[in-house]
Amino acid sequence: MNILFVGDVFGSAGRHIVREHLPHVLETNAVDLLVINGENAAGGFGITPSIAEELFDLGAHVITTGNHIWDKREIFEYMTVPADSHARGRRVLRPANYAVGTPGFGVYQGELPTGQPYAVMNLQCRVFMSSCDDPFRKADELLSKITAKVILLDLHGEATSEKVALGWYLDGRITALLGTHTHIPTADERVLPNGTAYQTDVGMSGPYDSVIGVEKELVLARFLTGMPGKFEPAKGNPKMCAALINCDGATGRAHHIQRIMLGE
């Protein structure tokens, strides 16, 4: 079984580069399951229902997010669906360790047309991030209720150490742990000893002539003067960053993980 995970889609440049490359990557690699992180897809901050629909139309089975999920208010209602639904709004996830009563869900269990069950989890780290519940204990709680063997976790976090620690904690219990949020791809992809594919950060799908997606000059002015200013998404040098995982559908154990970075 082949799984493709596309890193944080950032703004219109990110959406453009994903539209350009995704079809041939899916076909060339015979991808069975496609998961896309879309939390920055709307102008670099948040996601809207129409953009979620666009990503689903490209073939996404599940869309994961992170700390910018609530930046566009119109997504609230889109994600307010019954827990047992398989509608598109149910398949947009927010971190599962957010407060009880938050709209949406942090895990989705589905089945591919082949009959292959799968699950996708979304968690947010705590170090250098806004307050949320313990991702370690929340992962335990989610896994106790998941019946699928193929399980992918999008871990949205800042600190490398926290992501690495969760990788070791979950090794052998999930198929893949893929980090998001920092927008910089890391070169540490590997399959851990008990069969969990791991990468600290997949990187963003967006403009790399930027400061993590934002126009360079605006960020430099903030650093140099300390004065506030509105950040605008950059557009230069867009690249699609993704991770391709091959796993055993019967056991959920990963065999191989490959970094992907494609540009114009």
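Glu189 and Arg259 form a salt bridge in this predicted model, with their closest N and O atoms 2.7 Å apart; a salt bridge here is a side-chain nitrogen of Lys or Arg within 4 Å of a carboxyl oxygen of Asp or Glu. Because Glu189 lies in the loop between S7 and S8 and Arg259 in strand S12 (residues 254-263), the pair ties together parts that are 70 residues apart in sequence. Strands (E, at least two residues) and helices (H or I, at least four) are DSSP runs, numbered from the N terminus.

Residues are numbered from 1 along each chain as its sequence is written. The model is predicted, so local features need pLDDT of at least 70 and side-chain atom pairs count only at pLDDT 80 or more, while totals for chains, interfaces and linings use all residues; side-chain values use heavy atoms, without hydrogens and water.

The structure holds 12 salt bridges. Among them is the pair Arg19 and Glu54, at 2.7 Å between the closest N and O atoms. Arg19 lies in helix H1 (residues 11-28) and Glu54 in helix H2 (residues 49-57), so this pair joins parts 35 residues apart in sequence. Arg15, Arg19 and Glu54 are linked in a network of salt bridges.

The UniProt annotation "binding site", from an unreviewed entry, covers Glu39, Asn67, His156 and His181. These residues are spread over 143 residues of sequence, yet they cluster in space, the largest C-alpha distance being 10.3 Å. UniProt positions follow the numbering used here, feature names are shortened, and annotations may be inferred rather than shown by experiment. His156 is in strand S6 (residues 150-156).
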